[in-house]
Protein chains: 2
Amino acid sequence: MSDLPIGVFDSGVGGLTVLAALRRQLPAESFLYLGDTARLPYGTKTHATVERYALQAVAELVRRGVKAVVVACNTASAAAMPALSAAFPNLPLLGVIEPGAAAAVAATRSRRIAVIATEATVRGEAYQAAIHRLDREARVEAIATTLFVALAEEGWVSGTVAESIARRYLGPVFAGALEDSPDTLVLGCTHFPPLTAAIQSVIGPDVIVVDSAATTAAALAKLLDSQVARAEGSTGQARFLVTDGVERFIRIGPGFLRQGIDERDVERIDLAPLPA
Amino acid sequence: MSDLPIGVFDSGVGGLTVLAALRRQLPAESFLYLGDTARLPYGTKTHATVERYALQAVAELVRRGVKAVVVACNTASAAAMPALSAAFPNLPLLGVIEPGAAAAVAATRSRRIAVIATEATVRGEAYQAAIHRLDREARVEAIATTLFVALAEEGWVSGTVAESIARRYLGPVFAGALEDSPDTLVLGCTHFPPLTAAIQSVIGPDVIVVDSAATTAAALAKLLDSQVARAEGSTGQARFLVTDGVERFIRIGPGFLRQGIDERDVERIDLAPLPA
């Protein structure tokens, strides 16, 4: 079982930022990444639809053989973790919300935390709930920064356009002195890390920006140690499954993975509908 | 048969700009609009995937009973019209590319036309081909303005953000004097009409902006006159089918339809996979 890869599931390319952190943290492990590119983005869709898509994707990873699954998409983590745990009770499963919330609670001094995320993640209030489980008194402001997803996919991560969009979303929350605004900002969508510099130019250098990728990787290392043996002393491989074209994935993916993707490592697949 | 509604198919809400024009042109007709909101947007997806989605959607409209189908999505029109015609040989079918191309060729004096559209529409070169069928000598520049879709859905259709995005996409093509740039711009995506003012602020007031909605409506009126009888003397109804949540559709849709949408007129459905 320990020779099986770790499954990583995302709506598209954003989860590659999480995969990059996982590979740094666990270099001996192999990974099987599934990006549901034919139906992305998830962030503007309903809870029920995202839950159904996540169940199909994890079923496919399980069918192919994985020893654990990381749900690298915030929207899917927010919507589908209970349904996934119920459907796959013996599978070690990890989302990105709890590690991100833990990192934010550890970082903040003022106990005022802002979260930027997709419409669906904000509406589901999963970050708010996860932060309040760790600190009931924390004040949390969640902002749906819908355009950031398209902006990151377009690769316009700096310059006038990125900064004007960041200003419009974040300016009202971070308008005051640092004492009067959140001191910590959670990047609650895997598409957002490439936009960090543009975001920081609006909110100022003193606000701590938390990206759940690194803390998710640490949480996965802990989960695997306690549940399954780790492959030691080897260099793990990564393979990729996508539900739409390979060409766009290998064109846009490297900006998120921070590493090239070989076409031969990517396979286009169809996800089967769930049995009725 | 003439009592059946006219089917209108789009990836989401953008096609409502076409529906608005159809209703103005054909007030006695009823319409059944299908927005595939669970899988939108189509514009970043491959030809094969868009074709499959379009076949499923039109099959559903046909199953419910329609006397004609307008493919109101430019991406689907560009990718799927041949497959749709083959699958539904007896169904009057109309896309938005040909009417838009005809309007552009009629409007231009310099025979230099710019088309803005999604990645998929630009890549498929359907507008270029349709314009060249009408005027072999026309010069066509197609620009993928991917962010315009998210921008229109966010409702940020004017102001700094919209203008800075429009400038980045269109500035290079419209930088020179009018004699040296296209004199006509086709809005090759149904999401773009609400952005017309921001676009025109960048390209200048003398460039003619062509929106295919009105010409598609005229083409449909002609198609129906010649193929099926029109219902006269009554006021037609519009009903809506969506594959994801009703709430977002009735919140965002009216900005495109320019009219409120009653929740009771909207039904959430699942599209069946195609028979293998």
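Strand β7 (residues 184-187) of chain A pairs with β8(A) in the parallel sense over 4 bridges, strands being DSSP runs of E with at least two residues and helices runs of H or I with at least four, numbered from the N terminus. Two strands count as paired if DSSP finds at least two bridges between them, and here A:L185 has A:V209 in β8(A) as its bridge partner. This is a predicted model, in which local features need pLDDT of at least 70 and side-chain atom pairs count only at pLDDT 80 or more, while totals for chains, interfaces and linings use all residues. Residues are numbered from 1 along each chain as its sequence is written, and chains are lettered from A and ligands numbered from 1 in the order in which they are written.

The pair belongs to an open sheet of 4 strands in chain A, ordered β6-β5-β7-β8 with parallel pairing. Because β6 (139-144) and β8 (208-211) of chain A stand at the edges with a single partner strand each, one side of each is left without a neighbour in the sheet.

Between the chains, 20 residues from chain A meet 20 residues from chain B, contact meaning that C-beta atoms, placed from the backbone, lie within 7 Å. On the side of chain A that touches chain B, α8(A) supplies the largest share, 5 residues.

| Class | Side of chain A that touches chain B |
|---|---|
| Nonpolar (Ala, Val, Leu, Ile, Met, Phe, Trp, Tyr, Cys, Pro) | 7 residues |
| Polar (the others, Gly among them) | 7 residues |

Technical notes. Contact = placed C-beta atoms within 7 Å.
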